Amino acid sequence: MAKTLVNLEKISKSYDGHLVLDELDLTIHENEFVTLLGPSGCGKTTTLRILGGFERPDKGRVVFDGMDITNLPANKRNLNTVFQKYALFPHMSVAENIAFGLKIKNKPKSYIDDKIKYALKLVNLDGYEDRRPNSLSGGQQQRIAIARAIVNEPRLLLLDEPLGALDLKLRQDMQYELIRLKNELGITFIYVTHDQEEALTMSDTIVVMNQGYIQQIGTPESIYNEPENAFVADFIGDSNILGGTMIHDRLVEILGARFDCVDEGFGENKPVDVVIRPEDVKLVVPGEGLIEGVVSHLIFKGVHYEMEVQAGGFEWLVQSTHMRPVGTKVSINVEPSNIQIMNKPASEDEEAVPLEV
Amino acid sequence: MKKLYISLIFLFLYAPIFTLIVLSFNASKTRAKWGGFTLKWYFSLFENEAILQALWNTLLLAALSALIATVIGLVACIAMQSMKKKTRALILGIANIPMLNAEIVTGISFMLLFISLGVTFGFGTILLAHITFNIPYVILSIQPRMKQLNTSTYEAALDLGANSLQAFFRIVFPDILPGILSGFLMAFTMSLDDFIITHFTKGPGVDTLSTKIYTEVRKGIKPEMYSLSTLIFAAVFILMLLVNYTPRKKEK
């Protein structure tokens with residue numbers, strides 16, 4: 001793995017007696033695209049603000065490139081932030097906005113001019129030097145905000161829900177744009193979002209947070225395919241989360257039926273949570289699967305059909321390209337490798353929460 | 001119909017002032033008849049030493065009190081910005097009450113305060129009183145501007161390497177400048193316009209235009225007073241136009 005760039009050590013922060021971060025530990029490597037993902041109030045923005053120098057942690061240390069920067073003010077840190085609402089300076093032109101950081105550092109004019117050109121080219125907005133921020137669209141303003149940050153050649157770029165205010169299509173374009181930018185600049189990105197799709201698309205590493213705790217750290221694939229607890233499973237994508245019993249290694253009982261699985265080491269006759277992604281639920285002819293049921297709901301979603309199947313006293317969410325009308329009798333089957341076994345939640349913050357996004 | 005209605009309203013509103021303006025150009029000394037157009041009242045006005053002194057006092061008072069009130073009000077707004085919502089609302093409320101207070105009450109309170117403190121009445125006491133009653137107007141015009149301010153622009157400036165002073169003067173200040181200007185002009189106008197509070201806080205021998213007019217009128221109305229009143233009206237009118245025009249121009 002690459003060199004460590006940032007180390008958050010036992011960071012705690014509370015506002016008015018309300019604990020937002022509790023002894024958070026996080027290591028970020030050079031040239032990594034890290035996403036802090038979680039519902040609002042999970043502490044992701046606070047973490048970013050502590051990194052940016054806008055908040056001081058109550059306890060703990062922030063180590064940047066081997067140096068303790070916990071008490072270093074924001075203007076002395078070798079990192080830059082792209083703010084949620086762009087925070088462009090309205091009374092300055094685009095060029096003046098981009099030049100702001102360099103002028104503060106007393107860089108020569110020719111250097112600044114070159115940098116402005118380079119940055120505008122990088123964000124595909126050449127020729128926009130003299131425009132006012134107000135005359136630009138949301139997406140363009142966001143690009144300027146990024147340009148303004150990167151001309152300072154930060155080692156680390158912090159992005160606070162930068163695409164939150166854009167519409168869906170533009171958001172998707174900007175996601176690719178950000179990946180390209182990161183690769184061209186070769187710097188570390190820390191990205192905060194509550195949008196799981198955004199996180200899955202762009203990140204090298206996703207840090208799922210809830211109520212001030214890190215729930216899981218991993219690649220998008222591992223977070224999606226092997227959620228460690230019900231909260232992660234529920235927050236990332238749709239899922240069926242069922243209570244079950246681990247009979248012994250590689251065999252789990254769900255709703256009275258025994259499924260083969262690939263998980264080991266949970267013990268024998270141990271209560272567990274089971275996650276099955278809706279696209280992994282196979283609907284087969286009655287009698288051929290493990291649990292019998294009937295389709296109770298059907299929605300066309302474009303890429304696939306989404307169905308609800310009442311089976312074994314549980315309402316299964318099923319996604320399939322093959323449509324079955326409401327009332328169809330079906331049988332449910334799941335491939336062993338698509339069954340994800342998790343320990344029962346150890347605390348409240350690991351429980352699945354209703355999504356509000 | 002609508003137009004007629006509006007014209008009527010304006011007629012009622014401006015008839016008295018219009019009468020005054022017309023009379024200030026009347027060559028005849030009596031109000032009863034029109035003696036032809038003249039500017040002589042204006043000329044004789046500017047030959048009157050006492051009136052010129054009062055004019056100077058008025059302008060100096062307006063400029064100084066507006067300037068000082070703007071600085072104090074601005075600092076107050078900055079401080080309020082970092083307060084909690086409840087505290088801020090409370091302080092805003094307290095700051096606004098003096099505006100609603102009857103001027104005569106304010107004037108007499110000032111007088112009593114200065115007497116009890118043993119302060120000698122003069123230009124200084126008027127200035128203090130004007131600064132005080134101007135502060136709420138300044139806060140009222142800066143505060144909304146400050147609230148609209150995207151607080152992250154300040155943080156963005158820090159993020160880009162500016163220290164807090166640089167961030168304030170280069171980023172926050174230009175953004176709230178229209179509010180500061182209109183606050184200043186508002187305070188200037190209020191001071192220019194004031195009679196009652198000045199009347200109660202002035203010392204002997206110090207006069208502003210409004211108190212001067214009042215003393216003159218008590219002796220009997222001279223046509224010079226029409227022209228002086230016309231000039232004050234014109235000045236306030238222009239200032240009010242400026243106050244209302246400045247913020248809008250910026251928002252385009």
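How much area is buried between domain 1 of chain B and domain 2 of chain B, and what share of it do carbon and sulfur atoms give? The buried area is about 1,600 Å², and carbon and sulfur atoms give 78% of it. Buried area here is the accessible area (1.4 Å probe) that two parts lose on being put together, summed over both.

This is a predicted model, in which local features need pLDDT of at least 70, side-chain atom pairs count only at pLDDT 80 or more, and totals for chains, interfaces and linings use all residues. Residues are numbered from 1 along each chain as its sequence is written, chains are lettered from A and ligands numbered from 1 in the order in which they are written, and side-chain values use heavy atoms, with hydrogens and water left out.

**Domains**

Domain bounds come from an automatic or database domain assignment. In chain A the assignment gives domain 1 (4-225) and domain 2 (238-343), with 39 Å between their centres, taken over C-alpha atoms. In chain B, domain 1 covers 1-48 + 226-252 and domain 2 covers 50-221. The C-alpha centres of these two domains of chain B lie 26 Å apart.

**Between the domains of chain B**

Contact, meaning heavy atoms within 4.5 Å, joins 18 residues of domain 1 of chain B to 17 residues of domain 2 of chain B. Of the area that domain 1 of chain B buries here, B:Asn48, B:Leu228 and B:Leu239 supply 31%, more than any other three residues. Helix 2 (40-47) and helix 11 (223-251) of chain B each supply at least two residues of this side. Helix 11 of chain B gives the most, with 14 residues. Helices are DSSP runs (H or I, at least four residues), numbered from the N terminus.

**Between chain B and chain A**

The contact between the chains takes 18 residues from chain B and 23 residues from chain A. In chain B, B:Glu155, B:Asp159 and B:Leu160 lose the most area to chain A, together 39% of what that side buries. The rule finds one salt bridge across this interface, a salt bridge being a side-chain nitrogen of Lys or Arg within 4 Å of a carboxyl oxygen of Asp or Glu. A:Arg49 forms a salt bridge with B:Glu155, and their closest N and O atoms are 2.7 Å apart. On the side of chain B that touches chain A, helix 7 (151-159) and helix 8 (164-193) of chain B give two or more residues. Helix 7 of chain B gives the most, with seven residues.

| Interface | Buried area | Share from carbon and sulfur atoms |
|---|---|---|
| Chain B and chain A | about 1,800 Å² | 61% |
| Domain 1 of chain B and domain 2 of chain B | about 1,600 Å² | 78% |

**Two helices**

A:Glu177 is found in helix 5 (residues 168-185) of chain A. A:Glu177 is buried, with a relative accessible area of 12%; buried means under 20% relative accessible area (1.4 Å probe, protein chains only). Leaving aside its neighbours within four places in sequence, A:Glu177 is in contact with A:Val123, A:Asn124 and A:Arg143.

In chain B, helix 10 (residues 209-219) has buried residues, among them B:Leu209, B:Ile213 and B:Glu216. Just after helix 10 of chain B, B:Gly220 takes a positive phi of about 125°.

Technical notes. Buried means under 20% relative accessible area, exposed over 50%, partly exposed in between (1.4 Å probe, protein chains only).
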